[in-house]
Amino acid sequence: FLGFYGDKEPDIDLNFSGEYQSKAHAYTEVIFGKGQTFKAGTIGTVAEKTAYGFVMKYFEEKSAKNALEGKPPIVKRKCEIERIAEGCIDIRRTTGQHPGGIVVLPIGEEIHSFTPVQHPANDMTTSIVTTHFDYHSIDHNLLKLDILGHDDPTALRMLQDITGLDPKTIPLDDRETMAIFSSSAPLGCSLEALGCDVGSLAIPEFGTSFVRQMLMDTRPTTMEELVRISGLSHGTDVWLGNAQDLVRGGTATLKDVICTRDDIMNYLILRGGEPSISFKTMESVRKGRGVTEEMEAAMRSINTPEWFIDSCKKIKYMFPRAHAAAYVMMAFRVAYYKVHMPLAFYAVYLSVRADAFDIAAAQGGAQAVLDNIKALKKKGNDIEQKEADLLTILEVVYEMNLRGIQLLPVDLYKSDARNFRIEDGKLRPPFSSIAGVGETAADAVAQAGQAGPYLSVEDFRARSGANSAVVQALRDLGVLSGLPETNQLTLF
């Protein structure tokens with residue numbers, strides 16, 4: 001944490017629910033005292049293409065001015081434009097704030113001893129004060145807390161509220177829950193049509209196609225293996241082209257390969273390596289700096305296998321083991337709800353990710369959803385990010401349908417603004433699940449429906465304040481069917 005001789009600055013990460021993050025940030029001032037904490041500032045710089053555009057625009061405007069004055073146009077060779085643009089690259093363009101970074105001052109010190117402070121982007125109307133220097137310029141002098149917003153704590157709180165089961169009481173050795181990381185059998189359905197035979201869809205950290213393939217390659221059955229897989233999946237150049245080849249080639253097994261940064265230091269110390277150089281080797285590798293000649297010599301002096309040294313040289317970034325363990329514990333608790341309380345699990349999953357959900361593509365049962373999944377997969381590399389996000393959600397809806405849970409239609413009076421509701425073993429989608437209906441509009445529609453039945457579409461518009469795009473989106477889904485267009489028709 002601090003290095004063997006206290007010569008390393010600590011790195012403290014805390015994950016809170018995204019809804020609570022701002023309160024956690026404010027509370028740091030209560031803990032450390034007023035004037036002792038500041039948001040970490042960031043600096044946005046001019047990119048290469050932007051710099052080139054600046055120079056081109058400058059000469060275009062200069063030429064236009066010359067034309068008005070009867071002077072010849074300015075003609076510059078491409079190499080000269082590139083030379084001038086080179087001088088603009090990485091110049092400060094704007095300032096901002098780190099999404100979760102809080103800088104903490106030592107007691108008795110003033111912030112101006114380390115950095116000026118400012119309002120981000122020089123916006124004097126905001127109450128936020130950040131460090132003027134980018135954090136990496138002062139990270140050897142000041143402590144930074146990363147207080148990040150996460151969906152997982154939000155989901156677990158919602159699951160607890162719906163089911164009454166405190167996630168902290170969930171047993172982390174439940175066999176059925178562990179089994180979904182190696183098979184889909186505990187879910188009682190086959191996901192063969194998705195090219196998947198594990199049950200980790202929608203489980204945090206284990207639901208992506210990349211990690212599902214890792215699970216199918218390794219078939220984990222213990223918490224230790226899940227922690228190692230989490231480390232592998234979060235690293236850069238740790239699994240693909242590295243550990244994967246070692247496992248498939250039989251050179252090493254999952255328990256031998258480097259998965260988290262701690263594995264390097266622990267492995268070298270256990271082989272008789274000097275603790276300080278072992279620690280420095282780990283730090284160098286996990287930051288993507290490889291190994292120095294001194295480190296390599298130290299590794300060879302304790303007969304470290306060649307594959308281990310080569311693996312260290314390929315790694316660009318590594319996850320800490322404690323971080324991986326915390327993520328796996330969180331994922332396992334969510335997985336417990338999926339296995340034993342599926343209705344609550346799918347309601348919460350879809351509610352938390354409703355911004356990418358599209359009810360039109362998710363209706364109609366398992367076969368209709370599967371057809372939509374296949375259509376999206378046919379796009380291959382041409383698929384847009386929004387469609388890729390929807391594809392992930394449709395796979396979860398398909399699995400949910402196979403487990404016997406269906407989606408109800410959106411209802412003007414029964415649907416919630418943003419959350420999926422459980423009704424008679426089925427799920428009622430919220431208004432925000434309709435493409436084209438934003439959260440603000442969804443809130444207004446849900447609130448208007450509480451005042452009683454609408455007389456007409458005209459009455460609906462007046463009470464909810466819905467614009468024509470929202471009305472059309474509801475009309476396309478049949479939500480407004482049965483309502484006359486105007487109040488006049490109702491009278492007659």
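Buried means under 20% relative accessible area, exposed means over 50%, and partly exposed covers the range in between, using a 1.4 Å probe and protein chains only.

## Ground rules

Please keep in mind that this is a predicted model: local features need pLDDT of at least 70, side-chain atom pairs count only at pLDDT 80 or more, and totals for chains, interfaces and linings use all residues. Residues are numbered from 1 along each chain as its sequence is written, and side-chain values use heavy atoms, with hydrogens and water left out.

## The overall picture

The protein has 21 helices and 8 strands; these are DSSP runs numbered from the N terminus, with helices being H or I of at least four residues and strands being E of at least two. Its C-alpha atoms fill a box of roughly 90 × 80 × 50 Å along the principal axes. Of the 492 residues, 45% count as buried. Taking contact to mean heavy atoms within 4.5 Å, 66% of the contacts between residues at least 6 apart in sequence join residues at least 24 apart.

Leaving aside neighbours within four places in sequence, Thr 115 is in contact with Thr 131, His 132, Phe 133 and Ile 138. A polar atom of the Thr 115 side chain lies 3.2 Å from the backbone nitrogen of Phe 133. A polar contact is a pair of N or O atoms within 3.5 Å; within protein, one must be able to donate a hydrogen and the other to accept it, and residues adjacent in sequence count only if both atoms are side-chain atoms.

Ser 351 lies in helix 14 (residues 342-352) and is buried, with a relative accessible area of 10%. A polar atom of its side chain is 2.7 Å from the backbone oxygen of Ala 347. Beyond its neighbours within four places in sequence, Ser 351 is in contact with Met 158, Arg 418, Asn 419 and Phe 420.

## Positive phi in two loops

Most residues other than glycine have a negative phi. Glu 205 has a positive value near 75° and lies in the loop between helix 5 (175-179) and helix 6 (209-218). Asp 237 has a positive phi of about 60°, in the loop between helix 7 (223-234) and helix 8 (239-248). Glu 205 is partly exposed at 21% relative accessible area, and Asp 237 is partly exposed at 36%.

## Cysteines

How many disulfides does a search of the whole structure find? The search finds 0, with a disulfide taken as a pair of cysteine sulfur atoms within 2.5 Å. The sulfur of Cys 88 is 16 Å from the closest cysteine sulfur, in Cys 79, so it is too far for a bond. Cys 196 is in no disulfide either, and the nearest cysteine sulfur, that of Cys 189, is 9.6 Å away. Cys 88 counts as partly exposed at 24% relative accessibility, whereas Cys 196 counts as buried at 3%.
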